[in-house]
Amino acid sequence: MARDDIDAMVLKAVATTLTSFGIDEDDRKELRADLHHLRRWRRGVEQLQSYAFKAVVTVIVTGFVVAVWLGIKVTLGK
């Protein structure tokens with residue numbers, strides 16, 4: 001098979017698949033923009049999860065340090 005024939009079959013397969021999902025062949029730019037928006041949204045959510053995890057760890061460590069400090073303070077105060 002020639003490369004042109006393979007390319008034509010691939011393009012037809014992609015167009016058929018997109019059409020079966022309800023996406024017109026002319027809406028490729030719009031689909032690309034939608035996927036770009038979803039990628040940015042996913043990255044933002046992942047970054048937010050990272051910040052939330054760091055905040056939780058910080059609160060737990062701070063609470064532990066304060067508990068140890070209060071324990072030492074009470075022990076030395078007696």
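Analyst: A helix here is a DSSP run of H or I with at least four residues, and helices are numbered from the N terminus. The model is predicted.

User: How many helices and strands are there in the chain?
Analyst: Start with the two runs. Helix α1 covers residues 3-20, and helix α2 covers residues 28-77. The count for the chain is two helices and zero strands.

User: Which residue takes a positive phi just after α1?
Analyst: Helix α1 covers residues 3-20. Just after it, the backbone has a phi of about 85°. The residue with that positive phi is Gly-22.

User: How far does α1 reach from its first C-alpha to its last?
Analyst: Helix α1 has 18 residues. At 1.5 Å a residue, the expected span is 26 Å. The model comes close to that, with a reach of 26 Å.

User: What radius of gyration does the chain have?
Analyst: Look at the C-alpha trace: along its principal axes it spans about 90 × 25 × 15 Å. A compact globule of 78 residues would have a radius of gyration near 12 Å. For the chain the value is 28 Å.

User: How far apart are the C-alpha atoms of Asp-34 and Thr-75?
Analyst: Asp-34 lies in helix α2, which covers residues 28-77. Asp-34 and Thr-75 are 41 residues apart along the chain. Their C-alpha atoms are separated by 61 Å.

User: What share of the 78 residues is buried?
Analyst: The chain exposes about 7,400 Å². Carbon and sulfur atoms supply 65% of that area. Buried residues make up 3%.

User: Is Leu-18 buried or exposed?
Analyst: Leu-18 sits in helix α1. Its relative accessibility is 17%. The cut-off for buried is under 20%, so Leu-18 counts as buried.

User: How far apart in space are Asp-24 and Val-14, C-alpha to C-alpha?
Analyst: Asp-24 has its place in the loop between α1 and α2. Asp-24 is partly exposed, at 48% relative accessibility. In sequence, Asp-24 and Val-14 are 10 residues apart. C-alpha to C-alpha, they are apart by 11 Å.

User: Which residue forms a salt bridge with Glu-46?
Analyst: Side chains of opposite charge can pair when their charged atoms come close. A search of the whole structure finds one salt bridge. In the salt bridge of Glu-46, the closest N and O atoms are 3.3 Å apart. The partner is Arg-42.

User: Why are Glu-46 and Arg-42 separated by about one helical turn?
Analyst: Glu-46 is partly exposed at 41% relative accessibility. Arg-42 is partly exposed too, at 40%. About one helical turn separates the pair because, in helix α2, they are apart by four residues.

User: Which residues form a nonpolar patch on the surface?
Analyst: Phe-53 is exposed, at 58% relative accessible area. Together the patch residues have about 790 Å² of accessible area. They are Phe-53, Val-57, Val-61, Phe-64, Val-65, Val-68, Ile-72 and Leu-76.

Terms used. Residues are numbered from 1 along each chain as its sequence is written. This is a predicted model: local features need pLDDT of at least 70, side-chain atom pairs count only at pLDDT 80 or more; totals for chains, interfaces and linings use all residues. Side-chain values use heavy atoms; hydrogens and water are left out. Patches are made of residues with over 30% relative accessible area and no salt bridge: like charges are joined within 9 Å, nonpolar side chains (Val, Leu, Ile, Met, Phe, Trp, Tyr) within 5 Å. Accessible areas come from the Shrake-Rupley method with a 1.4 Å probe; for residues, only the protein chains shown count as cover. A salt bridge is a side-chain nitrogen of Lys or Arg within 4 Å of a carboxyl oxygen of Asp or Glu. Buried means under 20% relative accessible area, exposed over 50%, partly exposed in between (1.4 Å probe, protein chains only). The expected span of a helix is 1.5 Å times one less than its number of residues. The radius of gyration is taken over C-alpha atoms; the globule rule is 2.2 Å times the number of residues to the power 0.38.
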